[in-house]
Amino acid sequence: MTTATVTRPDEEQADRQVRAARSRRWRAGGRRELIGLVFLLPAIAIFGLFAWWPIVRGLIISFQRTDLMGSSEWVGLDNFQALFADPLLGTAVQNTLLFVGLGVLIGFPAPLILASVLSTVRRLGGVYRFLVYLPVVIPPVVSVLLWKWFYDPGAGLFNELLGKVGLGPYPWLESPDTAMLSLVLESTWAGMGGTVLIYLAAMVGVPQELYEAAEIDGANLWQRIWHVMLPQLRTVIALLLLWQLINTVQVFTEPYVFTGGGPQNSTTTVLLLIFRYGFQQGNYGQAAALAFLLALALALMSAVYLRATRSWSKS
Amino acid sequence: MSGFVSETSRRRPGTRRALFTVHGLTLIALVLIGLGPLYWAAKGAVSSPTELVTNPLALWPADARWANFSLAWDDLQVGRYVLNSFWIVLGSWAVQLFVAATAGFALSVLRPRIGPYVYGAILATMFVPYTVSMVSLFLTIIDLPILGINIANTYWAIWLPAGANAFNVLLAKGFFDALPKELFDAAKVDGAGTWRLLWSIVLPMSRPILAVISLLAVMHSWKDFIWPLVAIADPQKQPIAVALTVLAGQAPQDQLIAAMVLALVPPVLVFLAFQRQIVAGLGFTGVKG
């Protein structure tokens, strides 16, 4: 079978048209590409300067000695050595873990219980939600200063009220034994609202049939909460717990404004230490080294936690 | 919705009474912990310093000193600090909205070839909390790369980094992705340019998400403390959150409380006005508080 190898004139013309169209499309595509880039430019510039570069640079300066004049020299692991030689590092890590632990102990069950109650409310639901979320909108510094006044051992609200029922007086922020607990109580109050509302939204989303089926099978109220509602909420619970862990590890405003890290460094946290190294002592390298270790710890924590909960939520 | 308390059990008088009691107690507790501190702050703000000490549990001072608010506003310069906060919020809001809208539009509608890589790099920043790169961010603003200028002590040092918010880009892109593509094609056929497409079609249709981004930006930048503390050293330029920590060591107790009330009124008013959107915004934002 023989086929014509010579292209006929009209085919040639069609071919040329196709090629022209292709190049037009290419040129149009190039233009579109360019416009797309122009619109991406603000994000690239802003993220580049204020997110990507500082992250990379943080890694670099933790191996350098840097001063405000912009000069810097490589010092190897000196910053890390100086960091581990500081006896305050161990204290700060312990304090931070204490804050995180107490925060989970108090701040994890409280919103879950409150949200469960709110999920059964039918009238005035908006009022409940408003009141729950109100502390969240108050600027943290104001909340802390307000609570500092409440904690005042002289004429503070808490000791006065507790004194009426024959309790106290408690030293609150003044004693190394109770200072951290005082910080956790305030931060639970200040941060709980958002968590309650997210749990509430998730609880409303649990299919009603599940509760009905459980009830027909004879499950009582607690069994319906424990065996129906909580398993349905596992993903949300896991995410919020992780979010709480990541947030509380970075606690700064509470110790900075309440106590400045005292008494006797009992509320000096990791972030407070980074702040002191960097912005009070001008030791940017050591501050960056600690920040780098903090980032590693956070990443590791998230990875381990997500892995653990993935197997748990599959079961 | 009836949740884990079913309809049938709700009709039982025992259950009804139990629910009523639990709800009533919860409401009282919420009023005490939600409104209580605010009321106590308002009461403290108009009390005299001696009354704060001699009669700390009084529900209202014998003679209310409303002048404390004007004293705080003028003498403690709270007026100036609130105005500073206002400028900081305004600029941060504008930068965040601009970056989120342009990036979301480029990634969702224009789709340049490098888009997915840029998006990935933007999302990756969510895994590095900004407290971790705070030190190097400070070294960056005192000597901007390429430009070589120092923006510390100016509001640009707060406005520009505020724009690097991956969450805003995620929200904007997600919303733009859900807009009907036929509309964009129709607009192109009608000869609308790229800029017109964004300005007259995409943005007007995206009001809900722009409102959510705006509210998040405003609330967050009014509450922000650690970065303004680092970036703005000049006391005359500091926002109210930073200035309060300085005032706490110097001002008389009653005027300090008045200053605190003045600092919390603007965000509470915004919350009162936009409660529905802010609470709905929580749904959009998932777990971001």
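Reader: Which residues in α5(A) are buried?

Author: This is a predicted model. Burial here takes 20 or more other C-beta atoms within 10 Å of a residue's own. In α5(A), the residues that pass are Tyr128(A), Leu131(A), Val132(A), Tyr133(A), Leu134(A), Pro135(A), Val136(A) and Val137(A).

Reader: Where in α5(A) does a kink lie?

Author: α5(A) contains a proline, Pro135(A). The kink comes shortly before that proline and is about 25°. Its position is Leu131(A).

Reader: How far does α5(A) reach from its first C-alpha to its last?

Author: The helix has 13 residues. At 1.5 Å a residue, 18 Å is expected. The model comes close to that, with a reach of 19 Å.

Reader: How far apart are the end C-alpha atoms of α2 in chain B?

Author: Helix α2 of chain B covers residues 13–45, which is 33 residues. At 1.5 Å a residue, these should span 48 Å. The model agrees with that, as the end C-alpha atoms are apart by 46 Å.

Reader: At which residue does α2(B) have a kink?

Author: Look shortly before the proline Pro37(B). The bend there is about 45°. It lies at Leu35(B).

Reader: How many residues does α2(B) bring to the side of chain B that touches chain A?

Author: In this contact, 82 residues of chain B meet 88 residues of chain A. The chain B side divides into 59 nonpolar, 19 polar and four charged residues. The largest share of that side comes from α2(B), with 13 residues.

Reader: At what angle do the axes of α6(A) and α15(B) cross?

Author: Two packed helices are described by the distance between their axes and the angle between them. For α6(A) and α15(B), the axes come within 10 Å. The crossing is left-handed. The angle is roughly 150°.

Reader: What share of the residues in chain A is buried?

Author: Chain A has 14 helices and two strands. Its length is 315 residues. The buried share is 37%.

Key
Residues are numbered from 1 along each chain as its sequence is written. Chains are lettered from A and ligands numbered from 1 in the order in which they are written. This is a predicted model: local features need pLDDT of at least 70, side-chain atom pairs count only at pLDDT 80 or more; totals for chains, interfaces and linings use all residues. Helices (H or I, at least four residues) and strands (E, at least two) are DSSP runs, numbered from the N terminus. The expected span of a helix is 1.5 Å times one less than its number of residues. The bend at a residue is the angle between axes fitted to the seven residues ending there and the seven starting there. Two residues are in contact if their C-beta atoms, placed from the backbone, lie within 7 Å. Ala, Val, Leu, Ile, Met, Phe, Trp, Tyr, Cys and Pro count as nonpolar, Asp, Glu, Lys and Arg as charged, and the others, Gly among them, as polar. A residue is buried if 20 or more other C-beta atoms lie within 10 Å of its own, exposed if 12 or fewer, and partly exposed in between; C-beta atoms are placed from the backbone. Axes are lines fitted to C-alpha atoms, for helices over the stretch in contact, and angles run from 0 to 180 degrees between N-to-C directions. A crossing is left-handed if the near helix is turned anticlockwise from the far one by less than a right angle, and right-handed if clockwise.
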